[in-house]
Amino acid sequence: KSYYEVLVDEYQDTNNLQDSLFYALSDGGKHLFMVGDVKQSIYGFRHANPENFLARKESYPPYNGDVSPSKIILGANFRSREQVCDYINFFFGRMMQKATGTLDYNDEEKLIPSAVYPQNDCEAVETHFVELCDSEDARSIQEGIYIAQYIKSVMDKEPFLRDKSNPSTLRKARY
């Protein structure tokens, strides 16, 4: 009764105890506002249960101004180039299915490119396949060397990133 509303970000990373507390503190979920993305759930080792968020998301109708609880899909992506969003949508649309994971990668899950980036000659997306040796220790070293060499090659490229302080100019990558 002390809380008018409970707001929780990254709800997909809450565990069952936290979920129960948020539910109780928000008058049985009536005053609970949560934001999350099941595809970004990374805290299984902390007993996060993304199914709690997913169950609510699937049970809520789209927001129309009248019905509560309801859901608002925040699909606009302002961090990535259109080619990156298209690449992710292509692969996740084929790989993420309820039968093999926790959700279907449908229109609600897709990234909608919403940022404007200057054109450049750099590849927006790259896929690297690295043949690794059998030994787990040697694989870690081999992967580390490959990644370090790739980072070095990116750092040596001509300016290709938009400068936040002056968006009309491009800058080199920085560590």
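**Reading the nonpolar patch and core**

Modeller: Leu-7, Phe-33, Val-35, Tyr-63, Ile-72 and Leu-74 form a nonpolar surface patch of about 660 Å². This is a predicted model, in which local features need pLDDT of at least 70 and side-chain atom pairs count only at pLDDT 80 or more, while totals for chains, interfaces and linings use all residues. Residues are numbered from 1 along each chain as its sequence is written, and side-chain values use heavy atoms, with hydrogens and water left out.

Biologist: Why is Phe-33 called partly exposed?

Modeller: Buried means under 20% relative accessible area and exposed means over 50%, with partly exposed in between (1.4 Å probe, protein chains only). Phe-33 has 44% relative accessibility, so it counts as partly exposed. Phe-33 lies in strand 2, where strands are DSSP runs of E with at least two residues, helices are runs of H or I with at least four, and both are numbered from the N terminus.

Biologist: What makes up the largest nonpolar core?

Modeller: Ten residues make up this core, namely Val-6, Val-8, Tyr-11, Leu-32, Met-34, Val-38, Phe-53, Leu-54, Tyr-60 and Leu-103. At least two core residues come from each of strand 1 (6-8), strand 2 (32-34) and helix 2 (50-59). The term nonpolar core covers buried Ala, Val, Leu, Ile, Met, Phe, Trp, Tyr and Cys residues joined through side-chain atoms within 4.5 Å.

Biologist: Which residues does Leu-54 touch, not counting residues up to four places away in sequence?

Modeller: Leu-54 touches Val-38, Thr-102 and Leu-103, where contact means heavy atoms within 4.5 Å.

Methods
Patch = residues over 30% accessible without salt bridge, like charges linked within 9 Å, V, L, I, M, F, W, Y side chains within 5 Å. Areas by Shrake-Rupley, 256 points an atom, 1.4 Å probe, with all protein chains shown as cover. Salt bridge = Lys/Arg side-chain N within 4 Å of Asp/Glu carboxyl O.
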